[in-house]
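These are my notebook entries on a single chain.

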Amino acid sequence: MGVNKTYISVGYASFGVLMGFSAFLVWNISFRQPWTAAMGGLSGVLALWTLITHVMYLQDYWRTWLKGLKFFFFIGCVFSVLAVVAFISFLSVAIHNHESLTDPSSLYLSCVWSFMSLKWSFLLSLTAHRYRKEFADISILSDF
């Protein structure tokens, strides 16, 4: 019997939570770069929301709460826009200030974590959309 794709997604989201929160701590404590820490923390929180979405799917909570999936989809879309704006802003400021690519306190790493936040917000929206579509089809069939 093969491994369920949802369990792989749970493991991937768990790894994302650990990486995001560790980036938050490292860039706050060691490097004193609040922007990179903020974007790393946001990436960790969005990975946590994605993890919660998968776990609630596995426990079959979404069947009775389709509005929650719509809310998660909306939150993912909002944070996708926020991550794109942050990425462009950090990249523009880093280029304007002639920052080094190898400096751990440069804003280029904020761009990287902005992209990671974009990835997790996209995955949050995607999984919420897929699960909502699946349960909406099931609820239509159960009406008959």
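Entry 1. I looked up the contacts of Ser110, leaving out residues up to four places away in sequence, and found that Ser110 touches Trp35, Thr36, Met39 and Phe90; contact means heavy atoms within 4.5 Å. The model is predicted, so I note that local features need pLDDT of at least 70, that side-chain atom pairs count only at pLDDT 80 or more, and that totals for chains, interfaces and linings use all residues. Residues are numbered from 1 along each chain as its sequence is written, and side-chain values use heavy atoms, with hydrogens and water left out.

I placed Ser110 in helix H4 (residues 108-142); helices are DSSP runs of H or I with at least four residues, numbered from the N terminus. Ser110 and Met39 lie 71 residues apart in sequence, yet their C-alpha atoms are 6.4 Å apart in space. Ser110 is buried, because its relative accessible area is 0% (buried is under 20%, exposed over 50%, partly exposed in between, with a 1.4 Å probe and protein chains only).

Entry 2. I then examined H3, which has 31 residues and reaches 45 Å from its first C-alpha to its last, close to the 45 Å expected at 1.5 Å a residue; the expected span is 1.5 Å times one less than the number of residues. Its buried residues include Phe72, Ile75, Gly76, Ser80, Ala83 and Phe90. Just after H3, I noted that His98 takes a positive phi of about 55 degrees.

Entry 3. How many aromatic pairs are there? I recorded 10 aromatic pairs, where rings of Phe, Tyr and Trp (its six-membered ring) pair if their centres lie within 6.5 Å, and planes under 30 degrees apart count as stacked, over 60 as edge-to-face and the rest as tilted. Trp49 and Phe72 are stacked, because their ring centres are 5.2 Å apart and their planes are at 20 degrees. This pair links distant parts of the chain, with Trp49 in helix H2 (residues 34-58) and Phe72 in helix H3 (residues 66-96), 23 residues apart. Trp49 is partly exposed at 25% relative accessibility, whereas Phe72 is buried at 9%. Ring pairs join Trp49, Trp62, Trp65, Phe71 and Phe72 into a cluster.

Entry 4. Finally, I turned to Val3, which lies in the segment before helix H1 (5-29). Val3 is exposed, because its relative accessible area is 66%.

Conventions. Helices (H or I, at least four residues) and strands (E, at least two) are DSSP runs, numbered from the N terminus.
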